[in-house]
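Have the structure open and follow along.

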Amino acid sequence: MHHHRRHFLQLAGAALALPAGLRVARAETYPARPVHMIVGQASGSSSDITARLIGQYLTEHLHQQFIVEDRPGAGGNIATEAVEHAPPDGYTMLLVNAQNTINAALYDKMDFVTAIAPVAGVFRVPLVMEVNPSFPAKTVPEFIAYAKANPGKVNMASAGQGGPQHLAGELFKVLTGVEMVHVPYRGSTPALTDLLAGQVQVMFDVTPSSIPHIRAGRLRALAVTTEKPVAVLPDLPTLNQFVPGYEASAWIGFGVPAGTPPAVIAVLNQGINGAIGDTTIKKRLSDLGGIVLPPGPPSDLGRLIADDIAKWVKVVKASGIKPT
């Protein structure tokens with residue numbers, strides 16, 4: 001009895017912090033209507049596919065529709081702002097990713113940490129440092145030596161100004177002191193097209209789009225950007241073997257508006273943890289090039305977000321990157 005009373009008081013305390021019209025029903029009744037999952041990337045993207053995989057699992061196990069809505073634009077800020085202003089009742093979720101932490105570092109007025117409450121992480125996506133096969137360097141040390149001997153002559157492609165690929169390259173520049181000319185494109189496809197044609201020399205790309213070219217010998221992979229080797233490229237070294245302290249990866253998780261009752265967050269956290277533990281979903285996420293994160297409490301995703309923001313703030317300050 002005391003346990004249930006204490007549990008009720010905890011829920012009541014969280015609910016009382018909200019306006020009366022926004023108070024959510026008891027966790028036992030959540031969700032009582034469809035839940036909207038807002039994605040800041042386009043249909044068919046890895047973010048969109050992930051949201052649909054997780055959403056289908058939650059629909060089946062929580063017995064309500066989880067509806068994916070893609071709202072691309074402004075580097076994910078349109079989707080983020082939509083969720084920030086949604087009622088904190090658990091019926092609007094945000095697919096959060098590395099772009100959110102980069103945006104928090106780029107935009108002074110953006111307070112992602114206080115506006116969005118973490119729910120659960122899903123997976124990391126390694127990036128791979130890759131060059132055109134005609135480039136003279138075959139290893140990371142050779143690349144660094146070449147770039148230092150030829151300042152300003154190495155062009156680095158990315159999928160866009162201020163994106164994870166761009167920041168991964170800027171982190172490399174900060175930690176090694178090499179000069180590379182950033183060439184932003186409107187997406188990975190045109191960037192890869194020019195890298196394959198030799199118009200640019202290097203790119204830090206997410207593994208799913210680059211692996212087919214690497215395996216076919218059309219690109220030369222030098223290293224992966226994660227702390228540990230990855231299964232999809234088992235023979236490739238990690239960048240931190242040559243550049244101490246280097247780590248960069250794309251990642252995906254879910255958040256809700258700040259102020260959402262902890263009991264509701266707990267329901268969603270348990271559901272997402274169940275999804276990433278599902279054998280079929282784990283295989284699909286692995287096929288996307290992802291490393292599934294260990295199931296854990298919301299605070300695990302909170303720490304990942306805080307660490308990422310701290311890292312990108314330093315890179316943005318050191319490199320002088322400005323938002324477009």
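## A strand with neighbours on both sides

Let's start with a pairing: His 36 stands opposite Thr 92 in β3. Strands count as paired here if DSSP finds at least two bridges between them. Helices (H or I, at least four residues) and strands (E, at least two) are DSSP runs, numbered from the N terminus. β3 also pairs with strand β9 (residues 249-257), this time in the antiparallel sense and over four bridges. In that pairing, Leu 94 has Gly 255 of β9 as its bridge partner.

How much of β3 is buried? Six of six residues in this strand, which spans 92-97, are buried. Buried means under 20% relative accessible area, exposed means over 50%, and partly exposed is in between (1.4 Å probe, protein chains only). Both faces are covered: Thr 92, Leu 94 and Val 96 point to one side, and Met 93, Leu 95 and Asn 97 to the other.

A word on the source: this is a predicted model, where local features need pLDDT of at least 70 and side-chain atom pairs count only at pLDDT 80 or more, while totals for chains, interfaces and linings use all residues. Residues are numbered from 1 along each chain as its sequence is written, and side-chain values use heavy atoms, with hydrogens and water left out.

## Salt bridges along the helices

Side chains of opposite charge can pair when their charged atoms come close. The whole structure holds 10 salt bridges, each being a side-chain nitrogen of Lys or Arg within 4 Å of a carboxyl oxygen of Asp or Glu. One of them links Arg 52 to Asp 48, with the closest N and O atoms 2.9 Å apart. Both residues sit in helix α2 (residues 46-62), four residues apart, or about one turn of the helix. Arg 52 counts as partly exposed because its relative accessibility is 41%, whereas Asp 48 counts as buried because its value is 3%.

Another salt bridge joins Asp 287 and Lys 283 (3.2 Å, N to O). These two are four residues apart in helix α11 (residues 279-287), so about one helical turn separates them. Through shared partners, salt bridges join Arg 124, Glu 247, Asp 308 and Lys 311 into one network. Asp 308 is buried, at 5% relative accessible area.

## The largest pocket

Now for the open space. The largest pocket has a volume of about 1,100 Å³ and a lining of 42 residues, with Gln 41, Gln 99, Ala 159, Pro 164 and Gln 165 nearest its centre. On a 1 Å grid over the protein atoms alone, a pocket is an open set of points with protein on both sides within 12 Å along at least five of seven lines, a cavity is a set where a 1.4 Å probe fits but cannot get out, and lining residues have an atom within 4 Å of a point. Grid points are joined across faces, edges and corners, and a volume is the space filled by probe spheres set on the points.

Which helix gives the largest share of the pocket lining? That's α4, with four residues. The lining as a whole divides into 18 nonpolar, 23 polar and one charged. Ala, Val, Leu, Ile, Met, Phe, Trp, Tyr, Cys and Pro count as nonpolar, Asp, Glu, Lys and Arg as charged, and the others, Gly among them, as polar.

A search of the whole structure finds two cavities of 30 Å³ or more. The largest has a volume of about 50 Å³, and its lining includes Leu 94, Leu 95 and Asn 97. Two or more lining residues come from each of α3 (77-84), β3 and α4. By type, this lining has three nonpolar, nine polar and no charged residues.

The second largest cavity has a volume of about 30 Å³. Its lining has seven nonpolar residues, one polar and no charged, among them Pro 164 and Trp 312.
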